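Please look over the sequence and the model below before reading on. The paragraphs that follow go from the whole chain to single residues.

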Amino acid sequence: MGMRRWRAKFHEAFRGIKLGVRGQSSFCVHFFTAAVAIAACVALNCSVVEWCAIFLCIGSVITAELFNSAIETLFHGLDVQTKSRWNGCLDIAAGAVLTASLFAALIGAVVFGNRFGVLMGWWE
């Protein structure tokens, strides 16, 4: 078959993102929260390091959700007997998204709480 070109690899990767996002209502929540976080970075005049922390959090949550979507897609293609043996995998994948989201929220609270405190003059 030969080696695939980079263009084909990127095309498949972007198609995978589109397939992962389509039909998943949780992505709407993640994208809305990401937009709010970016707006807060702009409004609070965050530093480059703070921007990087926020983007890393956004990326980790989106990535975890894409993995969760991939596992759900695989799971739904299994026969009933196999599904009964692998039912916990969906819970584990959902737990990974929850963990990524909670840590992202914690980092966001630290970054934005600090920036807000500086803005209010509570500390430097």
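In what order do the elements of the protein chain run from the N terminus on? They run α-α-α-α-α, and the secondary structure comes to 5 helices and 0 strands. Helices (H or I, at least four residues) and strands (E, at least two) are DSSP runs, numbered from the N terminus. The radius of gyration of the protein chain is 19 Å, well over the 14 Å that the globule rule gives for 124 residues, so the chain is more spread out than a compact globule. That radius is taken over C-alpha atoms, and the globule rule is 2.2 Å times the number of residues to the power 0.38. Along its principal axes, the C-alpha trace spans about 60 × 40 × 20 Å.

The model is a predicted one, in which local features need pLDDT of at least 70 and side-chain atom pairs count only at pLDDT 80 or more, while totals for chains, interfaces and linings use all residues. Residues are numbered from 1 along each chain as its sequence is written, and side-chain values use heavy atoms, with hydrogens and water left out.

Of the 124 residues of the protein chain, 25% count as buried. Buried means under 20% relative accessible area, exposed over 50%, and partly exposed in between (1.4 Å probe, protein chains only). The chain exposes about 9100 Å², of which carbon and sulfur atoms supply 71%. Such areas come from the Shrake-Rupley method with a 1.4 Å probe; for residues, only the protein chains shown count as cover. Among contacts (heavy atoms within 4.5 Å) between residues at least 6 apart in sequence, 64% join residues at least 24 apart.

Helix H1 covers residues 6-21, 16 residues in total, and reaches 23 Å from its first C-alpha to its last, close to the 22 Å expected. The expected span is 1.5 Å times one less than the number of residues in the helix. Leu19 belongs to H1 and is exposed, with a relative accessible area of 54%. The C-alpha atoms of Leu19 and Ser69 are separated by 8.9 Å, although the two residues are 50 apart along the chain. Just after H1, Gly23 takes a positive phi of about 85°.

Helix H5 (residues 88-120) has 33 residues and reaches 47 Å between its first and last C-alpha, close to the 48 Å expected. Its buried residues include Leu90, Ala93, Val97, Ala104, Val111, Phe112 and Arg115. Helix H2 (25-43) and helix H3 (48-76) are what the buried residues of H5 pack against. After H5 comes Gly121, whose phi is positive, near 80°.

How many salt bridges does the structure hold? It holds 1, a salt bridge being a side-chain nitrogen of Lys or Arg within 4 Å of a carboxyl oxygen of Asp or Glu. The partners are Glu50 and Arg115, with their closest N and O atoms 3.5 Å apart. Glu50 lies in helix H3 and Arg115 in helix H5, so the pair ties together parts that are 65 residues apart in sequence. Glu50 is buried at a relative accessible area of 12%, and Arg115 counts as buried at 19%.

Phe116, Val118, Leu119, Met120, Trp122 and Trp123 make a nonpolar surface patch of about 640 Å². Patches are made of residues with over 30% relative accessible area and no salt bridge; like charges are joined within 9 Å, and nonpolar side chains (Val, Leu, Ile, Met, Phe, Trp, Tyr) within 5 Å. Leu119 lies in helix H5 and counts as exposed, at 60% relative accessibility.
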